[in-house]
Amino acid sequence: MIYFENEEIRIRDLEQRDAKIITDEEIAQGWNQSIDKYLMRLRDRDSGKAIALVAEYKGNVAGYINVYPDSKWGAFGELGLPEIVDFGVLEKYRNRGIGTKLMDAAEKIAAEYSDKVYLGVGLHSGYGSAQRMYIKRGYIPDGSGVWYGDKVLEPYAPCSNDDDLVLYLIKNNS
């Protein structure tokens, strides 16, 4: 299915072949990546748990995003709210509006399930552009504090500033 298309950008369903392309591109840009994450998204899509999208830029795979309409984890897990999960744009395709179009498509899908949508964002500097984008789009902290390893981090508890350290944000999506 095509969710958005103009002369440069197309947002469509993730396909099996995209998993290897994304993995290889992320490894090439220096990320420690495995294809397993994308294969899991495909399995979740096939089982009806998720909608997995990919962005193309001028015909090249450039980014991805996933919507879990009834997320089972995070600040609002098990409450029937959609969560946007695992959003990324390959570095060589950034600053071309691809991330905005991916988020537009994900939020439109989420709105079919609820008037609210949430996501978790990492706190280290690698997530800086995503943090700014989410705030500009109207997301606010949910009030549960910082999470680490899929649970609320207790005050003064030790943690690492890695990908497991996140802040959950929510937005009215109506």
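Predicted model: local features only at pLDDT ≥ 70, side-chain atom pairs only at ≥ 80, totals over all residues.

Colleague: Fine. How much space lies in the largest pocket?

Modeller: About 1500 Å³.

Colleague: How many residues line the largest pocket, and which lie nearest its centre?

Modeller: The lining has 47 residues. D86, F87, G88, Y127 and Y134 lie nearest the centre.

Colleague: Which elements give two or more residues to the lining of the largest pocket?

Modeller: Helices α2 (36–46), α3 (98–111) and α4 (128–136) do. So do β5 (83–89), β6 (116–122), β7 and β9.

Colleague: Which gives the most to that lining?

Modeller: β5, with 7 residues.

Colleague: And how do the lining residues of the largest pocket divide into nonpolar, polar and charged?

Modeller: 20 are nonpolar, 13 polar and 14 charged.

Colleague: Where does the largest share of the lining of the second largest pocket come from?

Modeller: From α3, which supplies 3 residues. β1 (2–5) and α3 each supply at least two.

Colleague: Switching to packing. How many residues has the largest nonpolar core, and which have the most contacts inside it?

Modeller: It has 28 residues. I84, I98, M103, Y134 and Y139 have the most contacts inside this core. Two or more residues each come from β2 (9–13), β3 (51–57), β4 (60–68), β5, α3, β6 and α4. α3 gives the most, with 7 residues.

Colleague: What does the second, separate core include?

Modeller: That core has 9 residues, among them L14, A19, Y38 and V54.

Colleague: Now strands. How many bridges join β7 to β9, and do they run parallel or antiparallel?

Modeller: 5 bridges join β7 (residues 140–148) to β9 (residues 165–172), and the two run antiparallel. I140 has I170 as its bridge partner in β9.

Colleague: And how many bridges pair β7 with β8?

Modeller: 2 bridges, again in the antiparallel sense, with β8 at residues 151–152. Y148 stands opposite K151 of β8.

Colleague: What about the residues between those two strands of the hairpin?

Modeller: There are 2 residues between the strands. G149 takes a positive phi near 60° in this hairpin.

Colleague: Last topic, E25. Where does E25 sit?

Modeller: In helix α1 (residues 16–28).

Colleague: Why does E25 count as partly exposed?

Modeller: Because its relative accessibility is 25%. Buried would need under 20%, and exposed over 50%.

Colleague: What does E25 touch, again skipping residues up to four places away?

Modeller: L90 and K92.

Colleague: How far apart are E25 and I35 in sequence and in space?

Modeller: They are 10 residues apart in sequence. C-alpha to C-alpha, E25 and I35 are 11 Å apart.

Colleague: Thanks, that covers my list.

Note on methods: Residues numbered from 1 in each chain as written. Heavy atoms only, no water. Pairing = 2+ DSSP bridges. Helix = DSSP H or I, 4+ residues; strand = E, 2+ residues; numbered from the N terminus. Buried < 20%, exposed > 50% of the residue type's maximum accessible area, 1.4 Å probe, protein only. Contact = heavy atoms within 4.5 Å. 1 Å grid on protein atoms, 1.4 Å probe; cavity = no way out; pocket = protein on both sides within 12 Å on 5 of 7 lines; lining within 4 Å. Points joined across faces, edges and corners; volume = space filled by probe spheres on them. Nonpolar A, V, L, I, M, F, W, Y, C, P; charged D, E, K, R; others polar. Core = buried A, V, L, I, M, F, W, Y, C linked by side-chain atoms within 4.5 Å.
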